Amino acid sequence: MEPLSNTLAAPDRKPKRQRRLPTEFGILAVLIGIALLFEALGWGIRGQSFLGNQQRLLVMILQVSVVGLIAIGVTQVIITGGIDLSSGSVLAVSAMVAASLAQEPGYARAVFPSLSGLPFIVPALCGLVIGALAGFINGSLIAITAIPPFIATLGMMVTARSVAQVYTRGQPISMLAENYTWIGSGAVPVVIFLVTAVIFHIALRYTRYGKFTYAIGANPQAARVSGINVNRHIMLVYTLAGLLSGLAGLVTSARAQSGQSSMGLGYELDAIAAAVIGGVSLAGGAGRITGTVIGTLILGVMTSGFTFIGIDSYIQGIVKGIIIVAAVVADQYRQRRRRKV
Amino acid sequence: MKKLFLALSATVAFSAAAHATTIGVTMDKFDDNFLTSVRNAIAAEGKAQGVTLQFEDAQDDTGKQLSQIQNFIAQKVDAIIVNPVDTSATPKMTQLAVAAKIPLVYVNRKPEDKELPANVAFVGSNEKVSGKLEGEELVKCLKGKGNIVVMQGQLSNNAALDRTADIEEVVAANPDIKIVQKQTANWDRNQALDLMNNWITAGDKIAGVAANNDEMAIGAILALKQAGVDPKTMCIGGIDATADGLSEVANGNLYVTVFQNATGQGKGAIDAALKMVKGEKVSSYVDVPFEKVTKDNYKTYMTK
C-alpha cells in the first residue's frame with residue numbers, strides 16, 4: 001500500500017496543508033462575523049446577549065443536527081464529484097420504518113400491533129439498514145449504469161418519498177416508546193452529530209478510505225489507473241451517505257415522537273448548502289468535514305439569530321439566500337487573491 | 001301519524017330508487033387524510049340514499065379536474081360534486097355546469113366565484129371561524145392576560161393567513177393579551193419544536209401558544225417539555241383535532257383544538273345535490289360549523 005498512497009494526492013500532504021488550512025479559517029471567520037452581527041443587533045434591539053446564553057447555543061446546534069448528519073454524508077459524495085438529492089426522502093423512509101417498529105405496546109392504532117415493545121436495537125437497526133440500502137442502490141446505479149449521480153439520486157428522491165407515503169398510506173405513526181425517543185431528546189442529537197463528524201473527519205483525513213475518496217473526485221481516470229476499485233468505492237461512499245440519512249431519520253422521528261412521510265422535505269438542499277458554504281467544491285476532489293460542520297453551524301446561527309431579533313418570516317428566506325451566496329463569494333474571492341500573491 | 005310517516009318515507013325511498021340518481025364526484029386528491037374522510041362520508045351517504053356515485057381523482061391538477069367535469073357533463077349525470085384543486089378556477093366550472101343545466105356542489109374549499117348562481121352551492125366550513133374558536137378558548141385559559149406566541153402554517157396558504165388573522169382579531173379585543181412573537185413553522189412538528197426552542201431562549205415570558213394546526217402545537221409541547229416547563233401550566237391551542245392532537249388534549253397539554261367536520265361536509269354535499277336534483281332550492285352556502293374540542297368533550301371526537 002505504501003507506494004500507492006505516495007502517488008495519490010493525499011489531502012494531508014505538507015504543501016497542500018499550508019494552502020488549505022486557511023480555507024476553514026475563512027469560513028470560520030464568516031461564522032464568527034455573523035454571530036457577532038447578531039450579538040450587536042441583539043444588544044441594540046432586544047437589550048440582551050445573543051451568544052451569552054448556554055441554552056441558545058445548544059438550540060443553535062440542536063436544530064441543525066439532523067441536516068448536519070446528512071451534510072456529513074453529502075460532503076463525501078460531493079468530494080467524489082457526485083451529488084445526493086435523495087437524503088431528505090431516505091430520511092423519511094427510515095423514520096417511517098423505524099417508527100412503525102418503535103410504538104408503545106397496547107396502542108390501538110399501531111401499525112404492527114404484534115410488534116410493539118421491541119428493544120431499541122430493532123427499530124434503530126431497521127432504520128439504518130433501510131437508509132444504507134437506499135444509498136447502496138444509488139451507488140450501484142451510478143457505478144454500474146454510469147448514469148449521472150444527479151439523475152440516479154433524483155430518481156431515489158422521488159421513489160423514496162413515495163415509499164414513505166405508501167408505507168402507511170400517508171398516516172402518521174405516533175405513540176413512540178420512550179426506549180426509542182431518547183435518541184432525539186435533550187442534547188443527544190448534538191452528540192450524535194458531533195461524534196459522527198469526528199469519525200468521518202478522521203476517516204477522510206487519515207485513512208485509505210479518505211485518500212481514495214479524494215483521488216476519485218480529483219481525477220477518476222487516474223484513480224482507476226493507480227489501482228483503486230472506483231466502482232466499489234463509489235458504492236461505499238453512497239451507502240455511507242444513505243446510512244447517515246437513515247441515522248438522521250431515526251433522530252428526526254425520535255425528536256418529534258412521530259414518524260411522518262413528509263419528514264425531511266428539502267433537507268437535502270440545506271445539507272448541500274451547508275457543505276458548499278463550508279468550502280466543499282461541487283467540482284469534486286476538495287472539501288473537508290470541518291468546513292461542512294462550520295457551514296452547518298452558520299445555518300443554525302442564522303435561524304436562531306433571525307428569530308432572536310424578530311426578523312419577519314416573510315423576508316428570512318431572502319436574507320438567508322443572500323448570506324449563503326455572499327459567504328461563498330467572499331471565500332472564493334479571498335482564495336483567488338491568495339493565489340495571485 | 002306513525003303510519004303516515006312510514007308511508008311517506010316509503011314513497012321517498014321508492015322515488016329515489018326509480019330515478020337511480022347518478023352523481024359525479026371529483027376530488028382534489030385521494031391520498032389526503034382529511035379529504036379521504038370527506039370522500040368516505042360522501043360514499044356512505046350516497047349509499048344510504050341509494051345514489052350511484054362516480055368518483056374521480058384530480059391528482060392535484062386543475063386541468064385534469066376540468067376534463068373530469070366535462071366528462072361528467074357528457075355522461076349527463078344528475079349532479080356534480082367538486083372538491084376544487086384550485087379555488088380560483090371555479091368560475092369556469094360553474095359556467096360549464098350552468099350551461100349544461102346540471103346542479104353543482106362545491107365541497108370543503110370555498111369557490112372564488114363572485115356569486116354562485118342558482119343550482120350551484122358550496123358546502124363547507126367557514127375558515128374564519130376556526131381561529132376565532134381557538135383564540136377565544138385561549139383567552140379563557142389565560143384569564144384575559146399574558147403574552148402569547150403565534151405559530152403560522154405555510155405563509156402562502158389561505159388557511160394559515162385566515163387563522164392567524166382570527167387570532168389577532170381576538171387578541172386585539174383583549175388589551176391585556178399581547179402577541180410577542182409570530183412566525184411560520186410550515187405546519188411542521190419538527191420546525192415548530194425548533195422555533196419554540198428559540199423563543200424559549202429569547203427570554204420572553206410566554207403564557208400561551210396559538211398554533212395554526214395541531215402538529216405545530218405538539219412541536220411546542222415537546223419543546224416545552226424538553227426545556228423543563230410543564231405544558232399543562234401554559235395555554236396551548238391547535239386546530240384540526242388530529243388523533244395526536246386529541247391525545248394531547250386528553251393529557252391536558254393541549255388546551256383547545258378545533259374539529260372540522262369531514263363527515264358533515266360529505267353528507268351535506270350529497271344532501272344539497274339531491275335537493276337540487278329534485279328541484280328544491282338550496283342556499284348557496286351551506287355552513288358545516290367548526291367544533292371546539294377541549295378536555296370536556298374530546299372523547300366524542302376520538303372515534304370520528
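Predicted model: local features only at pLDDT ≥ 70, side-chain atom pairs only at ≥ 80, totals over all residues.
**View 1. Chain B as a whole.**
Let's start zoomed out before moving in. Chain B is built from 10 helices and 12 strands, and its C-alpha trace spans about 70 × 50 × 35 Å along the principal axes. Of its 304 residues, 51% count as buried. Take the contacts in chain B with a separation of 6 or more: 73% of them join residues 24 or more positions apart. An unreviewed UniProt entry puts the annotation "domain: Periplasmic binding protein" on residues 23-281 of chain B.

**View 2**
For chain B the mean pLDDT is 90, with 93% of the residues at 70 or more. The complex gets an ipTM of 0.82 and a pTM of 0.82 from the predictor. Now find residues 11-18 of chain B, where pLDDT stays under 50. The model has four contacts beyond four places in sequence for this stretch.

**View 3. Strand 1 of chain B and its two partners.**
Strand 1 of chain B (residues 22-27) is mostly covered, with five of its six residues buried. Strand 2 of chain B (residues 52-57) pairs with strand 1 in the parallel sense, over six bridges. To find your place, look for B:Met27, which stands opposite B:Asp57 in strand 2. Strand 3 of chain B (residues 79-82) also pairs with strand 1 in the parallel sense, this time over four bridges. Here the bridge partner of B:Gly24 is B:Ile80 in strand 3. As a reminder, strands in a sheet pair through backbone hydrogen bonds, and the pairing is either parallel or antiparallel. Follow the chain from strand 1 through helix 2 (residues 33-48) to strand 2 of chain B, and you trace a right-handed β-α-β unit.

**View 4. An open sheet of four strands in chain B.**
The strands of this open sheet come in the order 7-6-8-9, and their pairing is parallel. Strand 7 (177-184) and strand 9 (235-237) of chain B are the edges, each pairing on one side only. On average, neighbouring strands of the sheet are turned by 15° against each other, direction ignored. Inside the order, strand 6 (residues 146-152) and strand 8 (residues 208-211) of chain B pair in the parallel sense over four bridges. One handy landmark is B:Ile148, whose bridge partner in strand 8 is B:Gly208. Helix 8 of chain B (residues 214-226) lies across strand 6, strand 8 and strand 9. This helix runs at about 150° to strand 8 of chain B.

**View 5. Two loop residues of chain B with positive phi.**
B:Lys101 has phi near 55°, a positive value in a residue other than glycine. You'll find B:Lys101 in the loop between helix 4 (90-99) and strand 4 (104-107) of chain B. B:Asn119 is not a glycine either, yet its phi is positive, at about 70°. B:Asn119 lies in the loop between strand 4 and strand 5 (120-124) of chain B. Are these residues buried or exposed? B:Lys101 is exposed, because it has 8 other C-beta atoms within 10 Å, and B:Asn119 is buried, because it has 20.

**View 6. Where chain A touches chain B.**
Across this interface, 24 residues of chain A are in contact with 21 residues of chain B. Helix 3, helix 12 (230-256), helix 14 and helix 15 (313-340) of chain A each give two or more residues to the side that touches chain B. Which element gives the largest share? That's helix 3 of chain A, with four residues.

**View 7. Helix 3 of chain A and its cover.**
In helix 3 of chain A (residues 54-62), A:Arg56, A:Val59, A:Met60, A:Ile61 and A:Leu62 are buried. What covers these buried residues includes helix 4 (65-79), helix 9 (188-206) and helix 14 (289-309) of chain A.

**View 8. A:Ile183 in its loop.**
A:Ile183 is found in the loop between helix 8 (178-181) and helix 9 of chain A. With 19 other C-beta atoms within 10 Å, A:Ile183 is partly exposed. Beyond its neighbours within four places in sequence, A:Ile183 is in contact with A:Val188, A:Ile192, A:Leu250, A:Val251 and A:Ala254. Look for A:Thr252 as well: it is 69 residues from A:Ile183 in sequence, with 9.1 Å between their C-alpha atoms.

Note on methods
Residues numbered from 1 in each chain as written. Chains lettered and ligands numbered in written order. UniProt positions renumbered as here; feature names shortened; annotations may be inferred. Buried ≥ 20, exposed ≤ 12 C-beta atoms within 10 Å, placed from the backbone. Contact = placed C-beta atoms within 7 Å. Pairing = 2+ DSSP bridges. Axes fitted to C-alpha atoms, helices over the stretch in contact; angles between N-to-C directions. Right-handed = clockwise from strand over helix to strand, strands pointing away. pLDDT = per-residue confidence, 0-100.
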